[in-house]
Amino acid sequence: SFLASSHDCACFNVAQAPSMSASSSLWNQSESIPVTSLTPGIPVKERVKVSRNWRHGRCRRETVLKWKCNLMPWIELDGEYLYLSQAENIQAYQLCPDGTGLQHHPQAIFSGHQEDVCRFVLVNSHIVSGGGDGNIVLHKIHGSYSVKFSAHEQEVNCVDFQGGLIVSGSRDRTAKVWSLSAGRVGQCLHTVQTEDRVWSIAISPLLSSFVTGTACCGHTSPLRIWDLESGQLLTCLGTDFHRGAGVLDVFYETPSLLLSCGYDTYIRYWDIRTSTRKCVQEWEEPHDSALYCIRSDKNHMIASGSSYYGVVRLWDKRQTRCLQSFHLSSPTSSPVYCLRFSTTHLYAALASALHVLDFTAP
């Protein structure tokens, strides 16, 4: 979501970005600009300035929220709001119109879990969350409608929601597919025995399959793709994972292009059209830290969050080394549990604070 030439000024919503043509390329030749909210009102001169700031790492850093207890928060961006999980609740904060941060008090609070929210997704004005209580909760953002159902015997580590279906992964070594169709809400359609703890999950954009990232404690690949309709295993990705090299985050760029990261300190880029045995590209975290989260602009830019000292790195797929890095929690150490970015800002959730990098300044 950030690098574009001064001639390529189109912006797209990261959560719902269409496939990009060459004319809307983000990391074109010399300059770049992130892609998030469609904001045609930003003058070209300002976009070029922001583009250069991203490339050279020039930004204003700010801690916009702090809390007393160490948590494992997750965030999502949606237009003028940032959604943040804090313990058993998800809170919606309005972004300040001048881009200086968040409103101090949440506009809405979504509850329903008895233990901490592990992951949640925001799709089509619905929030789907998985919690440490083994439950899945569905909220309609604009309205009082909500549904909660018991999903797993242990904590629900990850969820995704597309096309009227929820997929969930758990510490109980299963992944499940759930229906949200009328009359079948909360009905389990398939239970997949992964034989390993599931840390990450994502539905393919074609809505035909889903990928699970597991702890890699056994002898099978931690990355596996399953048929969404039947629940059958379609393929395993990779052959050379080391024991314990669990996959903590996965991200589909297209139906055939997939990013993964985790405990083995690598970002891997998979093209399932060419090979399922070996990734087409990989980038190693230079300080040998586990990678907790990744995000892409679906073009040339990748952002990653590391396990120590709140390190956020920006990568250009055309380069082997990271482009920029930011240490957000020095001298104390915290993982970056989640990050999201817009055209002008990058938000990173750490154990006790939410940080923002503002690339409109200086």
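Q: How many bridges must DSSP find before two strands pair?
A: Two strands pair if DSSP finds at least two bridges between them. The model here is predicted. In it, β10 and strand β11 (residues 165-170) are joined by six bridges and run antiparallel.

Q: Which residue of β11 is the bridge partner of valine 156?
A: Valine 156 has serine 170 as its bridge partner in β11.

Q: And what sits between β10 and β11 in the hairpin?
A: Two residues lie between the strands of that hairpin, and glycine 163 takes a positive phi near 55° there.

Q: Is β10 largely enclosed or open, and why?
A: Six of the seven residues of β10 are buried, so the strand is largely enclosed by the rest of the structure. Buried means under 20% relative accessible area.

Q: What is the strand order in the sheet with β10?
A: The order is β10-β11-β12-β13, an open sheet of four strands with antiparallel pairing. Its edge strands are β10 (156-162) and β13 (187-193), and each of these pairs on one side only. On average, neighbouring strands of this sheet are turned by 20° against each other, direction ignored.

Q: How many bridges join β12 to β13?
A: Strand β12 (residues 174-179) and β13 run antiparallel and are joined by six bridges. Within β13, histidine 190 stands opposite valine 177.

Q: OK, next sheet. What is the order in the one with β22?
A: That one is also an open sheet of four strands, in the order β22-β23-β24-β25, and its pairing is antiparallel. The edge strands β22 (291-296) and β25 (324-327) each pair on one side only.

Q: How many bridges do β23 and β24 pair over?
A: Strand β23 (residues 301-306) and strand β24 (residues 311-316) pair over five bridges in the antiparallel sense. For serine 304, the bridge partner in β24 is arginine 313.

Q: Which helix lies across β23, β24 and β25?
A: Helix α1 (residues 44-56) does, and α1 runs at about 75° to β25.

Q: Switching to the inside. How many residues are in the largest nonpolar core?
A: The largest nonpolar core has 26 residues. Those with the most contacts inside it are Ile75, Leu82, Tyr83, Leu102, Ile127, Tyr347 and Leu354.

Q: Which elements give two or more residues to this core?
A: They are β1 (60-66), β2 (75-78), β3 (81-86), β4 (89-94), β6 (117-123), β27 (345-349) and β28 (353-358).

Q: What does leucine 102 touch?
A: Leaving out residues up to four places away in sequence, leucine 102 touches Val64, Leu65, Leu82, Tyr93, Gln94, Leu95, Cys96 and Leu354.

Q: Which residues are in the second core?
A: The second core is separate and has 18 residues, including Cys293, Leu328, Leu346 and Phe359. As a general point, nonpolar side chains tend to be buried together in soluble globular proteins.

Q: How many cavities of 30 Å³ or more are there?
A: The count is two cavities of 30 Å³ or more. The largest cavity has a volume of about 40 Å³.

Q: Which residues line the largest cavity?
A: The lining consists of Phe241, Ala245, Gly246, Val247, Ser260, Cys261, Gly262, Asp264, Tyr266 and Arg268. Both β19 (257-262) and β20 (266-271) supply at least two residues of this lining. The strand that gives the most is β19, with three residues.

Q: What is phi for glutamate 195?
A: Glutamate 195 has a phi near 60°, a positive value in a residue other than glycine. This glutamate 195 is in the loop between β13 and β14 (198-203). Glutamate 195 is exposed, with a relative accessible area of 62%.

Q: And what about phi of leucine 207?
A: Leucine 207 has a positive phi of about 60° although it is not a glycine. Its place is in the loop between β14 and β15 (209-214). With a relative accessible area of 39%, leucine 207 is partly exposed.

Q: Last one: which residues does a cis peptide bond join?
A: Serine 330 and proline 331 are joined by a cis peptide bond, with omega about 5°. Proline 331 is in the loop between β25 and β26 (338-341).

Definitions and conventions: Residues are numbered from 1 along each chain as its sequence is written. This is a predicted model: local features need pLDDT of at least 70, side-chain atom pairs count only at pLDDT 80 or more; totals for chains, interfaces and linings use all residues. Side-chain values use heavy atoms; hydrogens and water are left out. A nonpolar core is a set of buried Ala, Val, Leu, Ile, Met, Phe, Trp, Tyr and Cys residues joined through side-chain atoms within 4.5 Å. Buried means under 20% relative accessible area, exposed over 50%, partly exposed in between (1.4 Å probe, protein chains only). Contact means heavy atoms within 4.5 Å. Axes are lines fitted to C-alpha atoms, for helices over the stretch in contact, and angles run from 0 to 180 degrees between N-to-C directions. On a 1 Å grid over the protein atoms alone, a cavity is a set of points where a 1.4 Å probe fits but cannot get out, and a pocket is an open set with protein on both sides within 12 Å along at least five of seven lines; lining residues have an atom within 4 Å of a point. Grid points are joined across faces, edges and corners, and a volume is the space filled by probe spheres set on the points.
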